[in-house]
Each structure stands twice: as C-alpha cells, then as structure tokens.
Amino acid sequence: MKISKLFLITGFIFLTSCTSSEKQSFTLQNPIGSMKLEYANQFSVDYYENNFSLISIADGEKYLVVPPDNEAPENLPDDITIIRQPVKNIYMPASSAVDLIYSIDSLDSIFAVSTSQNDWSLKYMQDAMENGDILYAGKYSSPDYEMILSNKCGLAVESTMIYHTPQVREQLQNQGIPVMTERSSYEQHPLGRMEWIKLYGLILGKESEAEKVFDEKSSILKNIESAENTGKTAVFFYITSNGSVSVRKPGDYISKMIELAGGKYIPDSESLDVDENALSTMNMQFESFYSLAKDADYIIYNSTVDGGLSSVDELIRKNSLMSDFKAVKNNNVWCTDKNMFQQTSDTAEVISDMHKIFSQSKDETEFLYHIS
C-alpha cells in the first residue's frame, strides 16, 4: 500500500511516497523530466515521480495532474489546481479543442459544449448532439450551472473569451470544478495550436496516442517545407456587413500557414500599422485594403464568418472594386470551407491545400474550394 504526504520545509514543497519497505521524497521544485514540445509555447508540462505531472499555462495557471489511485498532496500553493484522473464529463466551451480530443478517440470524455448544434460544421459533433451524447450548456458567458453540476463535471476547458466574464470561472471553481483556459489561439506557429493535443493526451491518459497523431501531422508539414518556395502572394480576408475588410494580422497563425505553404502573406507588417491588442484580426477601410492587396496573386476568402461564396460575381457585388484585383482577373479566387477552423487536427492538411494552390497542383483540395 502506498501513502503520500506533503510537508513544507523552508519554502519547498515535498511529496513523500511510502511503501511498506521504502520511503522516498522529492520536491515539486525538481522535476524528473519535461514534455517535449516542438512548436507550442503557451503551455509546458513537468513530470514527477509516481506519475504526477505539473501543467503550467502561459497566463500563470498551474495544474497538478493526479493519476488514478494516488492521493492528491495536501497544502499545495493556492495557485495550483488539482486535476484528478480519470478525467470524465468535461465541459468544453473551447470549441477548437474538441477536434484534438476526438483525434485521440476521447470524444466520450466531453459531456457538454457552449457551441450549439447548428454552429458545428463537424459531422461527428452534429451527430453527437443530435443523439444527446453531448449537450448544449448555453453560451460560455451564461452556462447552465445546474446541468454542469448535476453531470459531475471533472474539468471545464474555457476559451480565452472567459477573460471577459471572470464571474463564470469563479462560479465553476466555487463548485469544486477545475477550470483551465485554452490558449492555443495565442500560438504563433500553426502546429503550435495543434500541439495542444499532447496536453489533452496527458490529461486523458492518452499521451502515446497524442504523440502518434502529432508526429503524423508534423511529417506532412516537413514534406511541404522541403519543397521550393513559390514566391506567390496571398491575401486572406472577408468583407464585413458595413463594407470594411477584416484581415488577419501579420504574424498571425494564418499568415504563418501561408508562408509555410510556400507563399507570402500580404499585407505584411511593413505596410500595415498593427495595433497591439490580443485580437488576431483587424478591420481596414476598403480603400486602404485595395491599395495593399489588389496585386496579390491569390485571394483566400474567409467563408467561416461571412458564409460561403459560390461565384466571383458574389464577391464583386460586395464591392465592385474587387473586379480590379489581379487574383480576380487571373481566376485565382479561393474560399475556406467552414470546417477549417473547427477541424484543428488537420492544420497540416490545410497548409498542404494552400501549397497545392500556390504551386498550381492539379490535386484536389479538402479545406479550400475554387470559385470562378
């Protein structure tokens, strides 16, 4: 029988592990290893004896993952939250994380989300909600607390939108539910976003499965990176209801995806005065956008927000000046498929689609479609 105790000596935390024949101690200050991360920088994981793991999120949150059949240490610092395995009945307002969990065959660990059935483009989520396997718990800012509590929620994974409604987080924590903020949207490298699959693999006891999926996706990107740079320029945007243009900021992961695909994103940081807020997009007046982007080789229209386009004429109806764009004249207008952003695990495949476009490959694309 193993017994764990925690005691404090001169400011250091020690966890003692005892069996009938031996006694060992170690400090949470001295891990025995760390998770290998290639791209992600918004979280880290340190490993300790007896399969304890300490997760550190870039916003300062810390979580001690306690394996099954182990006792959680007592008197932990206030800034460390306990996550007990096995983790079941996850409440998941962070929609971008759902596909990563699905990719390691753990969708059954999620019991509720804050995205309604009609707003999912992923068929497996539509089916799960249709069948009642996954519930809609209301908007992230006003969830159904009774539903969450009655289902014995083991973990809530919030998006960074929760920063705007801290009272929701506090309410969940007051009910004994560990709350983690998913910050993959802050990762600058596209595969950094996907590397969060390793974090969910750790929490759900499927580290090896997560490693396998990530390695397979990474190999796709490495093959693309070894190809010759096309030198083609591309702009990624949509036209808002008031006529302005929403573009991704230079340095955003979408612009990085274009660069990894062998293209060049415009407008670049030299031509654009970028504000320093946390948003990955910014609005421009159409006249300014026109002067910066009219000579782009390719247009990739963001259908996720604005809805899909079926023809270039629809694009021109949004603003007649679109007819002057080089990409329109050369029949190089593409649109995103709605599942591009929700299908996080296929980031490498999206980059592959972009590379096919820039290199004028005849191969079919899955996440981008051509309009004429």
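**Entry 1: a word before I start**

I call a residue buried when its relative accessible area is under 20%, and exposed when it is over 50%. I also note for myself that I am looking at a predicted model.

**Entry 2: the whole chain**

I began with the overall make-up. The protein chain has 13 helices and 20 strands. Of its 372 residues, 51% are buried. I then looked at contacts between residues at least 6 apart in sequence, and 58% of these join residues at least 24 apart.

**Entry 3: cysteines**

How many disulfides does the structure hold? I found zero. Cys-335 is buried, at 0% relative accessibility. Cys-153 is buried as well, with a relative accessible area of 10%.

**Entry 4: salt bridges, and one that spans the sequence**

Next I turned to charged pairs. Side chains of opposite charge can pair when their charged atoms come close. My count came to nine salt bridges.

I took Arg-169 and Glu-61 as my opening case. They form a salt bridge, and their closest N and O atoms are 2.7 Å apart. What does this pair tie together? Arg-169 sits in helix α4 (residues 166-174), while Glu-61 is in the loop between β6 (53-57) and β7 (62-66), so the bridge ties together parts that are 108 residues apart in sequence.

Are the two partners buried or exposed? Arg-169 has a relative accessible area of 16%, so I count Arg-169 as buried, given the cut-off of 20%. Glu-61 is at 11%, so Glu-61 is buried too.

I looked up Arg-248 next. Its salt bridge is with Asp-252, and the closest N and O atoms are 2.9 Å apart. Arg-248 is buried, with a relative accessible area of 8%. Asp-252 also counts as buried, at 8% relative accessibility.

Then I went to Lys-356, which forms a salt bridge with Asp-353. Here the closest N and O atoms are 3.8 Å apart. Where do Lys-356 and Asp-353 lie? I found both in helix α13 (residues 347-358), three residues apart, which is about one turn of the helix. Asp-353 is buried, at 3% relative accessibility.

I also jotted down a network of salt bridges that links Lys-217, Asp-346 and Glu-349.

**Entry 5: helix α2**

I finished with helix α2, which runs over residues 123-130. Which of its residues are buried? They are Tyr-124, Met-125, Ala-128 and Met-129.

What covers the buried residues of α2? The cover includes α1 (98-103), β10 (110-113) and β11 (135-136).

Gly-132 follows α2, and its phi is positive, near 80 degrees.

Definitions and conventions
Residues are numbered from 1 along each chain as its sequence is written. This is a predicted model: local features need pLDDT of at least 70, side-chain atom pairs count only at pLDDT 80 or more; totals for chains, interfaces and linings use all residues. Side-chain values use heavy atoms; hydrogens and water are left out. Helices (H or I, at least four residues) and strands (E, at least two) are DSSP runs, numbered from the N terminus. Buried means under 20% relative accessible area, exposed over 50%, partly exposed in between (1.4 Å probe, protein chains only). Contact means heavy atoms within 4.5 Å. A disulfide is a pair of cysteine sulfur atoms within 2.5 Å. A salt bridge is a side-chain nitrogen of Lys or Arg within 4 Å of a carboxyl oxygen of Asp or Glu.
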